[in-house]
Every structure is written in structure tokens, then in C-alpha cells.
Amino acid sequence: MIQLTASLLHEVEQHSQAAYPNEGCGVMIGTALAGSKRVHSLLAVENASPQAEQYHRYLITPAVIIAAERRARAAGLEVVGFYHSHPDGQARPSDFDREHAWPWYSYLLVSVQQGKVGETAAWLLSDDRDSFDREEVIIERV
């Protein structure tokens, strides 16, 4: 299960919509306890995938991930996952996503249809890296 405020979800959706027709992406920073993750902040990042591929690929560089890890640690938190959008696609992981994902991290996917946010869903990669399992998303009203 992953928990985030309505405000943070709105940030993810706005970033995803602004990136359209390309994929938008970012890092989720928070806490993890007993199979549950809570997102405390987001780090929206530039899609570092080659420009010609950004409509269906995203890349967060190792340097950005290391910087996010340092930022999280400094706040007593950790990187709990990543988000990205699927322009004119579904909010479910692609084979490419599966091949490049890591177990344990949550992956929040946002469908953006013709520039408008659609479904949002979270996923966890299985330990054997063979498939994703849908993760419950809890939206906190604050």
C-alpha cells in the first residue's frame, strides 16, 4: 500500500499533464513501515530519455537518483518509489517498465489521454522481476 495526500497526487497529475505528449517522471520520497509506504514529498525531474523517445520512454539518471537519496536521508526519509506518465496509454506498466524497474519500490503511473489526466495506479515489481502487482493507493485528505 502507498499513501499520499490529495495535494501530492495533484502535483503528480499536473506534472504528468504538463509533460504531455511526452512522459513526465519524478521521485517519491517518504517512509516505509511494514509493507506500507507514505509519500511525504516529490521530486519532479526532467525526463532524460532521448528527445525522440520521450513520448513513450522516461529515464531518471543515476545522478538524479543519488541526489534524491541524499535529500531524503538528510530529512530522515528514503526514496520509496517513482512516478511517470503514459501519454495516450494506460496506467499500467509496459514491458519496458518491467525490464527497468526494481523490486520493493512503488511505481505510480498516470494515464494522460489527449492532454488530460485519466487513471492513476500504483504497482510493485515482483522479487523475481517477472511481473508487477497492483498496489493499493490511499489518498489522504488533509
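This is a predicted model: local features need pLDDT of at least 70, side-chain atom pairs count only at pLDDT 80 or more; totals for chains, interfaces and linings use all residues.
1. Helix α1. This helix runs over residues 6-19 and comprises 14 residues. From the first C-alpha to the last, α1 reaches 20 Å, which is close to the 20 Å expected at 1.5 Å a residue.

2. The buried side of α1. Which residues of α1 are buried? They are Leu-8, Leu-9, Val-12, Glu-13, His-15, Ser-16 and Ala-19. Around the axis these residues cover an arc of only 160°, and they therefore fall on the same side of α1. The reader may wish to note that Glu-13 and His-15 belong to this buried set.

3. Salt bridges in the structure. How many salt bridges does a search of the whole structure find? The search returns two, and each is taken up separately below.

4. Arg-38 and Glu-140. The side chains of these two residues meet in a salt bridge, with an N to O distance of 3.2 Å. Arg-38 belongs to strand β3 (residues 36-45) and Glu-140 to strand β8 (residues 137-140), so the pair ties together parts that are 102 residues apart in sequence. Arg-38 has a relative accessible area of 34% and is partly exposed.

5. Arg-134 and Glu-119. A salt bridge joins Arg-134 to Glu-119, and their closest N and O atoms are 2.9 Å apart. Distant parts of the chain are linked by this pair: Arg-134 is in strand β7 (residues 132-135) and Glu-119 in strand β6 (residues 116-125), the two being 15 residues apart.

6. Extent and centre of the largest pocket. The largest pocket holds about 310 Å³ of space. Its lining consists of 16 residues. Those nearest the centre of the pocket are Tyr-58, Leu-59, Ile-60, His-100 and Ala-101.

7. Origin of the pocket lining. Which elements each supply at least two residues of the lining of the largest pocket? They are the helices α2 (62-74) and α3 (95-100) together with the strands β4 (78-87) and β5 (106-113). The largest share of the lining, three residues, comes from α3.

8. Sorted by class, the residues lining the largest pocket are 13 nonpolar, two polar and one charged.

Notes:
Residues are numbered from 1 along each chain as its sequence is written. Side-chain values use heavy atoms; hydrogens and water are left out. Helices (H or I, at least four residues) and strands (E, at least two) are DSSP runs, numbered from the N terminus. The expected span of a helix is 1.5 Å times one less than its number of residues. Buried means under 20% relative accessible area, exposed over 50%, partly exposed in between (1.4 Å probe, protein chains only). The arc is that of the directions from the helix axis to the C-beta atoms. A salt bridge is a side-chain nitrogen of Lys or Arg within 4 Å of a carboxyl oxygen of Asp or Glu. On a 1 Å grid over the protein atoms alone, a cavity is a set of points where a 1.4 Å probe fits but cannot get out, and a pocket is an open set with protein on both sides within 12 Å along at least five of seven lines; lining residues have an atom within 4 Å of a point. Grid points are joined across faces, edges and corners, and a volume is the space filled by probe spheres set on the points. Ala, Val, Leu, Ile, Met, Phe, Trp, Tyr, Cys and Pro count as nonpolar, Asp, Glu, Lys and Arg as charged, and the others, Gly among them, as polar.
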